[in-house]
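Reader: Hi! I'm new to reading protein structures. Could we go through this one together?
Author: Happy to! Here it is, and then just ask away.

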Amino acid sequence: MSQHTVTLTDNKTGKTIELPVVEGTHGPPAIDVSKLYREAGFFTYDPGFLSTASCTSQLTFIDGNKGQLLYRGYPIEQLAEKSNFLEVAYLLLYGHLPKPTEYDNFEHVIMHHTMFNETVKNFFDGFRYDAHPMAIMVGVVGSLSAFYHDSTDVNNAVHREIAAHRLIAKMPTIAAASYKHSIGEPFIYPRNDLSYTGNLLHMLFATPCEPYEVNPVAERALDILFILHADHEQNASTSTVRLSGSSGADPFACVSSGIASLWGPAHGGANEEVLKMLDEIGDVKHIDKYIAKAKDKDDPFRLMGFGHRVYKNYDPRAKLIRQTCYDVLESLKINDPMFELAMRLEEIARSDEYFIKRNLYPNVDFYSGIIYKALGIPTNMFTVMFAIARTAGWISHWTEMIGDPAHRIGRPRQIYNGAAMRDFVMPEDR
Ligand code: ACO
């Protein structure tokens with residue numbers, strides 16, 4: 001059978017080069033340009049990686065036109081309905097759904113690595129009381145490599161696995177400590193008898209003064225949100241983790257770089273921005289003004305929680321989150337006018353020519369903040385919640401990359417368009 005290839009012709013020299021085409025299980029084929037420079041002297045140019053696959057991966061598949069998302073082949077809708085976050089984390093990390101004993105062992109390992117080294121607590125005192133929790137996360141997660149030397153040898157598969165477990169286990173504890181620091185309350189130690197999300201709620205909201213009972217509605221809602229946020233193939237933060245890791249950097253440093261990337265408002269920071277935007281809009285009667293601002297190219301304002309690089313159809317996660325939002329508000333008997341406002345904003349935007357033409361739909365962040373708010377989680381913690389869930393994806397991608405014998409240091413090329421070579425000018429002649 002002949003191999004699928006693509007032939008490129010240079011219309012300046014008439015030279016041709018044949019390039020192999022790589023096909024995955026699903027998705028469009030890709031032209032393998034890895035030999036292009038060596039054989040033809042060209043780089044490829046693709047700012048923002050609009051058409052470039054940076055790696056092969058077996059973790060997650062997205063069909064942006066259909067609005068389809070699969071983790072290890074399983075549709076996100078089925079995972080959200082039938083699974084839980086820890087099972088999904090196992091699936092992402094090991095590639096298969098765990099058998100009952102595998103799940104029990106994994107849950108045991110994760111829930112028995114939830115504490116961090118006691119001296120890590122000292123780091124929190126170094127941050128001002130009003131530090132953004134994402135800033136604390138970047139620093140404290142990055143510091144973990146200074147504590148866990150027995151899991152930083154990236155060439156050792158056992159070290160890699162221990163680091164993955166530690167990161168998934170300790171992220172909620174660090175996140176809750178960041179929050180407690182910001183409100184001046186004592187840290188609450190993890191409780192290993194609770195579920196992953198139940199324990200997080202406990203560490204966020206319990207105090208030493210009275211008993212705290214985990215609300216099962218909040219626990220399940222958080223679990224669904226975490227499943228939906230667990231992975232999303234080569235997004236900015238995951239690509240950052242992979243690029244950091246490609247040099248052999250330790251996993252704690254790599255995940256810290258992913259947290260930094262996630263924080264940006266065009267990425268995971270959008271969930272916080274959505275609530276600020278809804279707050280600013282304030283009332284249904286102001287929506288038109290903000291839609292006009294979003295369409296105005298001279299105005300930097302964008303409709304936060306709208307649009308996606310890959311989805312040109314409804315983000316399947318946003319659909320599930322909108323339904324969860326209904327369920328949570330109803331179960332907790334909360335009447336939040338912000339939800340009404342968000343739904344009306346979606347309706348108006350979705351019937352506007354500008355948004356229709358550009359295929360701009362609500363993304364995962366549009367409704368998630370309303371659920372977090374209903375659960376009592378403050379706005380500046382929204383992206384932190386995202387980071388906890390995405391750690392499962394980050395560390396699974398990192399593990400996949402390091403374990404791939406074909407992996408090399410990530411080193412993009414550039415088109416230099418600065419000054420041509422020139423001679424140094426002495427100060428008196430400038
Ligand atoms: N509001 C108004 N216009 C928008 C929006 C928006 N939210 N998103 C995209 N557009 C417009 C752009 O101005 C552009 O218009 P043009 O063709 O006339 O120039 C067109 O739609 C395409 O948008 P790009 O910015 O080129 O698309 P890109 O793939 O680079 O960006 C992004 C995707 C960053 C998500 C963008 O849609 C955005 O900024 N959205 C708001 C922030 C947000 O919600 N981010 C969360 C994404 S999901 C996540 O990371 C978890």
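Reader: Which residue in S2 is the bridge partner of Thr9?
Author: That would be Thr16. One thing to keep in mind as we go: this is a predicted model.

Reader: Okay, noted! How many bridges join S1 to S2, and how do the strands run?
Author: There are 5 bridges between S1 and S2, and the two strands run antiparallel. Another pair you can look for is Thr7, which stands opposite Glu18 in S2.

Reader: What holds paired strands together in general?
Author: Strands of a sheet pair through backbone hydrogen bonds, and the pairing can be parallel or antiparallel.

Reader: And what sits between S1 and S2?
Author: The two strands make a hairpin with 6 residues between them. Within that hairpin, Gly14 takes a positive phi near 80 degrees.

Reader: Which strands make up the sheet that S1 belongs to?
Author: It is an open sheet of 3 strands in the order S1-S2-S3, with antiparallel pairing. Strand S1 (5-9) and strand S3 (30-31) are the edge strands, as each pairs on one side only. On the S3 side, 2 bridges join strand S2 (residues 16-22) to S3. Val21 has Ile31 in S3 as its bridge partner.

Reader: I clicked on Val6. Where does it lie?
Author: Val6 lies in strand S1. Its relative accessible area is 25%, so Val6 counts as partly exposed.

Reader: How far is Val6 from Gln68?
Author: They are 62 residues apart in sequence, and their C-alpha atoms are 28 Å apart in space.

Reader: What about the sheet with S4, S5 and S6: what is its pairing?
Author: These 3 strands form an open sheet in the order S4-S5-S6, and the pairing is antiparallel. The edge strands there are strand S4 (60-63) and strand S6 (74-75), each pairing on one side only. S4 is joined to strand S5 (residues 68-71) by 4 bridges, and Thr60 stands opposite Tyr71 in S5.

Reader: Which residue in the turn between S4 and S5 has a positive phi?
Author: That is Gly67, with a phi of about 75 degrees. The hairpin of S4 and S5 has 4 residues between the strands.

Reader: Are the faces of S4 covered or open?
Author: Both faces are covered. Thr60 and Ile62 are on one side, Phe61 and Asp63 are on the other, and all of them are buried.

Reader: Nice. New topic! How many disulfides does the structure hold?
Author: It holds 0 disulfides. Cys55, for example, is in no disulfide, and the nearest cysteine sulfur, that of Cys254, is 14 Å away.

Reader: Last topic, the ligand! How many residues surround it?
Author: There are 21, and the closest are His267, Lys297, Leu303, Gly305 and Arg309. By class, the shell has 11 nonpolar, 5 polar and 5 charged residues.

Reader: Which atoms lie 3.0 Å or 2.9 Å from a ligand nitrogen?
Author: A backbone N or O atom of Ala266 is 3.0 Å from a nitrogen atom of the ligand. For Phe306, a backbone N or O atom lies 2.9 Å from a ligand nitrogen atom. The side chain of Arg309 also has an N or O atom 2.8 Å from an oxygen atom of the ligand.

Reader: How much of the ligand does the protein bury?
Author: Taken alone, the ligand exposes 920 Å², and the protein buries 74% of that.

Note on methods: Residues are numbered from 1 along each chain as its sequence is written. This is a predicted model: local features need pLDDT of at least 70, side-chain atom pairs count only at pLDDT 80 or more; totals for chains, interfaces and linings use all residues. Side-chain values use heavy atoms; hydrogens and water are left out. A residue is near a molecule or strand if one of its heavy atoms lies within 4 Å of it. A polar contact is a pair of N or O atoms within 3.5 Å; within protein, one must be able to donate a hydrogen and the other to accept it, and residues adjacent in sequence count only if both atoms are side-chain atoms. Accessible areas come from the Shrake-Rupley method with a 1.4 Å probe; for residues, only the protein chains shown count as cover. Ala, Val, Leu, Ile, Met, Phe, Trp, Tyr, Cys and Pro count as nonpolar, Asp, Glu, Lys and Arg as charged, and the others, Gly among them, as polar. A disulfide is a pair of cysteine sulfur atoms within 2.5 Å. Two strands pair if DSSP finds at least two bridges between them. Buried means under 20% relative accessible area, exposed over 50%, partly exposed in between (1.4 Å probe, protein chains only).
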